[in-house]
Structures are given as structure tokens and as C-alpha cells.
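Trainee: Could you help me learn to read the surface of a protein model? I would like to go feature by feature.

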Amino acid sequence: MQRKQKLTEQESTMTKKLKNNLVTNRQSEAVLRERKDRIEQEVENWIQRYDSDLGEKQDRIDDLTEQLGQRTTDLEELDEKLFLLEKEYIVVVEERQKEREKKEEKDRVLKLQTVAVIKLQYHWRRYRKLHPKRPKSKKGKGKGKKSTKK
């Protein structure tokens, strides 16, 4: 009997320990479940925030990509216009160069003509100074009637 009593006592002690452990484990489990739920909620919030931020970033990237495409198109159009304007500019510059060369040639010819006229005038005046006017003779040299000499 003693053995029975000892075993009964041991059983009751173990049952109490078991109940205590069950209560403690349930409390710990409740605390751990609460902590797990809180962490899961935080993770869910982080995921939602991440998704939201990622969506905003993607929208921004899409907008910037669209702007880049538009600017690239504008740049290509401007490059084409610049190319055409450069062609026109080259033609205009060549025309101006030709006109300038013509003007320079005209100026050069005019300068040469002016120098030639000045020299001609100088020599003419000198000639006139050195050879004053001679009165014209009234005899006509070869003009008028022909005389017949035999």
C-alpha cells in the first residue's frame, strides 16, 4: 500500500506539474501566438508599403520613360531641322562668298582702272604741258582740191 500511496502521490504530483506546465505552456503559447500575429501583421504592413512604394516608383519610371521617348523624338526632329538648316546655311555662305569674291574682283578692277585713268591723265597733262597747242595751219593737208603736178 505504501507503494500504491507513493505512486498515487507521485501521480498527483505529476498531474499537478502537468497541469501547471499546461497552464504555463498555454500562457507562453498565447504570448507567442500574439507575438507571431503582431510580427505577421508587421510583415504584411511592410509588404503593402513595399508594394505601394514599388508601384509609385514604377509609375515614376513609366512617366520618365515616356518623357524620355518624347524628348528623343523631339531631339530627332530638331536634328533633322538642324541638318536642313545647315544645308541651307552652307548654300547661303557659298552665295555670300561668291558675292564677296565678285565684289572684291569689281573693286580690284575699279582700282586698277582708277590707277590707269590717273596715270593716263598725268601723262596727258604732262604731254599738253610739254607740247603746247600749235595753231592749226590753214593749209589743208590733203584736204580740198587736188593739185595736179606733172
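Mentor: Happy to! Keep in mind that this is a predicted model. Let us begin with a nonpolar patch on the surface, which is formed by I39, V43, W46 and I47.

Trainee: How much accessible area do I39, V43, W46 and I47 have together?

Mentor: Together they have about 370 Å² of accessible area. Take I47 as an example: this residue lies in helix α1, which covers residues 2-130.

Trainee: Is I47 buried, partly exposed or exposed?

Mentor: The idea is to compare the relative accessible area with two cut-offs: under 20% is buried, over 50% is exposed, and anything in between is partly exposed. I47 has a relative accessibility of 40%, so I47 counts as partly exposed.

Trainee: How many helices and strands does the protein have?

Mentor: There is one helix, and there are zero strands.

Trainee: And what share of the 150 residues is buried?

Mentor: Buried residues make up 0% of them. The accessible surface of the whole protein comes to about 16000 Å², and carbon and sulfur atoms account for 56% of that surface.

Trainee: Let me turn to charge. Which residues form the negative surface patch?

Mentor: That patch is made of D53, E56, D59, D62, D63 and E66. Look at D53, which lies in helix α1. Its relative accessible area is 38%, so D53 is partly exposed.

Trainee: Where do E29 and R33 sit relative to each other in helix α1?

Mentor: They are four residues apart in helix α1, which means that about one helical turn separates E29 from R33.

Trainee: Let me try K36 and E40. What is the N to O distance in their salt bridge?

Mentor: The distance is 3.7 Å. K36 and E40 both belong to helix α1, again four residues apart, or about one turn of the helix. With a relative accessible area of 46%, K36 is partly exposed; E40, at 44%, counts as partly exposed too.

Trainee: Could we do one more, with D107 and K103? How far apart are they in helix α1?

Mentor: D107 and K103 are four residues apart there, so they are separated by about one helical turn. Their side chains meet in a salt bridge of 3.4 Å, N to O.

Trainee: Which label does each of the two get, partly exposed or exposed?

Mentor: D107 has 39% relative accessibility, so D107 counts as partly exposed. K103 has a relative accessible area of 52%, so K103 is exposed.

Methods
Residues are numbered from 1 along each chain as its sequence is written. This is a predicted model: local features need pLDDT of at least 70, side-chain atom pairs count only at pLDDT 80 or more; totals for chains, interfaces and linings use all residues. Side-chain values use heavy atoms; hydrogens and water are left out. Patches are made of residues with over 30% relative accessible area and no salt bridge: like charges are joined within 9 Å, nonpolar side chains (Val, Leu, Ile, Met, Phe, Trp, Tyr) within 5 Å. Accessible areas come from the Shrake-Rupley method with a 1.4 Å probe; for residues, only the protein chains shown count as cover. A salt bridge is a side-chain nitrogen of Lys or Arg within 4 Å of a carboxyl oxygen of Asp or Glu. Helices (H or I, at least four residues) and strands (E, at least two) are DSSP runs, numbered from the N terminus. Buried means under 20% relative accessible area, exposed over 50%, partly exposed in between (1.4 Å probe, protein chains only). Lys and Arg count as positive and Asp and Glu as negative; His and the chain ends are not counted. The place of a charge is taken as NZ of Lys, CZ of Arg, CG of Asp or CD of Glu.
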